[in-house]
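Please look through the structure below slowly, with the sequence beside it, before reading the explanation that follows.

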Amino acid sequence: MRRFEGIFAVMLTAYDEAGEIDARAMRHMTDYLIQSGVHGLVVLGSNGECPYIDHRRRKNAVDSVVEACAGRVPVIVGINERGLDSALDMATYAEDAGADGLLVALHRFYPLDEEAVLGFYRRLAEGTSLPILYYNFPTHTGLALSPQAIARIAAEVPSVVGAKETIFDVEEVRQLVEAAGEGFSVFTGMSFNLKATMEAGACGAICPLPNFVPRLVLDLYEACRGGDGERAEALQNEVYTYAPLLASSPTPHAMQKEALRLMGHPVSAAVKSPLPPLTPEQAEAVREFLASKGMV
């Protein structure tokens, strides 16, 4: 089973004027990110509005990215569902389309214990031969498993080859690395703690910042991997300065798309309801931020 590591860019999902997937923009961003040096792509992650896109459009997004990528880097498809049937539908489509892996978040509506979650991942793995990353994002999914429980899922479901940890607790990341053991890929879900999590044993990041400054995130990863603590510290501090673009709103999707548009990419700021559309104030804030960085 394939092992993933490095910097994976979580792509934004682009729409045309009719609200359909903008295949041209998705192909453009795929080429741009690969040429920038990222180690892999995630389409339909949380940064890609996956929970608010219907399956038809999701499948169109998968096709656009996989076809444009053409095997140059791994493409992981995000699956964010509340039930097995819909997750299997997307998993089998992703595999048939030529994707390389799945990033799977189970959203909780009813209370779910560890056995129920284990059963979900086991049955999902039985329906696809693709490697699976467990997506641990408790603030958004409502599902919080311990590192030991996630490690148990990996031990009992061999297709679960890693996890994306979108949490701030670096000690919890360390515990998962230790509990899951060698060969299990633990990614941080944000660039803001990349240095600390790699020191704790993480193998990279699955995050949105490479959409805007891929070289900065890649340089930080290489410094961490190479043990250059002083350079890593300086680069990590530079990454922090991008918080206004990534974390100034609980739902920054439209602002991030506006940033791409201002940087010259053919991406509109449109988002899927109920995500809030871009306001004039946010548009101006994005422009001022990019100007302060010399990016426009």
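Predicted model: local features only at pLDDT ≥ 70, side-chain atom pairs only at ≥ 80, totals over all residues.

**A walk from strands to charged pairs**

In the strands, I7 stands opposite A205 in β8.

One of the contacts between them can be found at F187, whose bridge partner in β8 is G204.

Which way do the residues of β8 point? In this strand, which spans residues 204–207, G204 and I206 point one way while A205 and C207 point the other way, and all of them are buried.

From the strands we can turn to a pair of helices. Helix α3 (residues 84–97) and helix α4 (residues 114–126) pack at an angle of about 35°, and their axes lie 10 Å apart. The crossing of α3 and α4 is right-handed. On the side of α3 the contact is made by L84, A87, L88 and A91, and on the side of α4 by F120, R123 and L124. Sorted by class, the residues in this contact of α3 with α4 are 6 nonpolar and 1 charged, with no polar residues.

Is P74 buried or exposed? With a relative accessibility of 9%, P74 counts as buried, because buried means under 20%. Leaving aside its neighbours within four places in sequence, P74 is in contact with R2, F4, F8, H39, G40, L41 and D100. Q148, by comparison, is 74 residues from P74 in sequence, and the C-alpha atoms of P74 and Q148 are 28 Å apart in space.

The last step concerns charge. Side chains of opposite charge can pair when their charged atoms come close. How many salt bridges are there in this model? The count comes to 20 salt bridges.

One of them joins R72 and D31, with the closest N and O atoms 2.5 Å apart. This pair links distant parts of the chain, as R72 lies in the loop between α2 (55–69) and β3 (75–81) while D31 belongs to helix α1 (residues 23–36), the two being 41 residues apart. R72 counts as partly exposed at 40% relative accessibility, and D31 counts as partly exposed at 28%.

Another salt bridge is formed by D54 and R57, whose closest N and O atoms are 2.5 Å apart. Here D54 is partly exposed, with a relative accessible area of 34%, whereas R57 is buried, with a relative accessible area of 15%.

A salt bridge also forms between E258 and R261, with the closest N and O atoms 2.9 Å apart. Because E258 and R261 are 3 residues apart in helix α12 (residues 253–262), they are separated by about one helical turn. E258 is buried, with a relative accessible area of 7%, while R261 is partly exposed, with a relative accessible area of 42%. Elsewhere, salt bridges that share partners join E114, E115, R122, R152 and E156 into one network.

Definitions and conventions:
Residues numbered from 1 in each chain as written. Heavy atoms only, no water. Salt bridge = Lys/Arg side-chain N within 4 Å of Asp/Glu carboxyl O. Helix = DSSP H or I, 4+ residues; strand = E, 2+ residues; numbered from the N terminus. Buried < 20%, exposed > 50% of the residue type's maximum accessible area, 1.4 Å probe, protein only. Axes fitted to C-alpha atoms, helices over the stretch in contact; angles between N-to-C directions. Left-handed = near helix turned anticlockwise from the far one by under 90°. Contact = heavy atoms within 4.5 Å. Nonpolar A, V, L, I, M, F, W, Y, C, P; charged D, E, K, R; others polar. Pairing = 2+ DSSP bridges.
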